[in-house]
Amino acid sequence: MMLRTEVNVRFGVTGHRVLPPGIAERAMDHWRRVLPTGAGLLGVSSLADGADQLFAGHVLAAGGTLEAVLPWAGYGGSLTDGSRARFDDLVRAAATVITLPGAEACDQSFLAAGQALVDRCDHLFALWDGLPARGLGGTADVVAYARARGCPVTVLWVDGVQRD
């Protein structure tokens, strides 16, 4: 008798907070094509506006399980009004919420959250223009950390598209 065991892969996301036209659509199309649906989908996100919330919303809409990694306890209060409401909804929908011990908005807290996210995933999606981070803990730093740890990274961007 052969026993079949399920292998669950955790997918994480990093990316820019403001996505130029075409990037969100490309990412959603890709995720619909390659990610499982239902209980087989495990997604990890820090729930920032932009790429993080886009991915978290996809995970939940596909019937998957969401895990949130937050850089500090009051993180939601640092977001814009529109993304704060989505953040609150996503936190409530997450199966697991990990809040790091940082106490304030600082680059080191963002870097720690990005690293903790990578440490919890098996594959990272990056909605990233390929340019250096604009501050410590930005998308480029998270991608570099993932690559250094041997975590596969899929960059989802459209050639020629620039962000503001």
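This is a predicted model: local features need pLDDT of at least 70, side-chain atom pairs count only at pLDDT 80 or more; totals for chains, interfaces and linings use all residues.
User: What does the R10 side chain meet in a salt bridge?
Analyst: The partner is E67, with 3.5 Å from N to O. E67 is buried, at a relative accessible area of 7%.

User: How many salt bridges in total?
Analyst: The count comes to 8.

User: What about D49, which side chain does it meet?
Analyst: D49 and R17 form a salt bridge, 2.7 Å from N to O. This pair links distant parts of the chain, 32 residues apart: D49 is in the loop between β2 (42–45) and α2 (51–61), and R17 is in the loop between β1 and α1 (23–34).

User: And is D49 buried or exposed?
Analyst: D49 counts as buried, at 13% relative accessibility. R17 is partly exposed, with a relative accessible area of 37%.

User: Switching to helix α3. Which residue does D81 form a salt bridge with?
Analyst: With R84; the closest N and O atoms are 3.0 Å apart. Both are in helix α3 (residues 81–93), 3 residues apart, so about one helical turn separates them.

User: Why does that spacing matter in a helix?
Analyst: An α-helix has 3.6 residues a turn, so residues three or four places apart point the same way.

User: Accessibility of D81, buried or exposed?
Analyst: D81 counts as exposed, at 62% relative accessibility. R84 counts as partly exposed, at 27%.

User: New topic, helix α5. Which residues are buried?
Analyst: In α5 (residues 139–148), the buried residues are T139, A140, V142, V143, Y145 and A146.

User: What do they pack against?
Analyst: The buried residues of α5 pack against strand β1, helix α4 (107–119), and strands β5 (123–127) and β6 (153–155).

User: What comes just after α5?
Analyst: G150, which takes a positive phi of about 80°.

Key: Residues are numbered from 1 along each chain as its sequence is written. Side-chain values use heavy atoms; hydrogens and water are left out. A salt bridge is a side-chain nitrogen of Lys or Arg within 4 Å of a carboxyl oxygen of Asp or Glu. Buried means under 20% relative accessible area, exposed over 50%, partly exposed in between (1.4 Å probe, protein chains only). Helices (H or I, at least four residues) and strands (E, at least two) are DSSP runs, numbered from the N terminus. Contact means heavy atoms within 4.5 Å.
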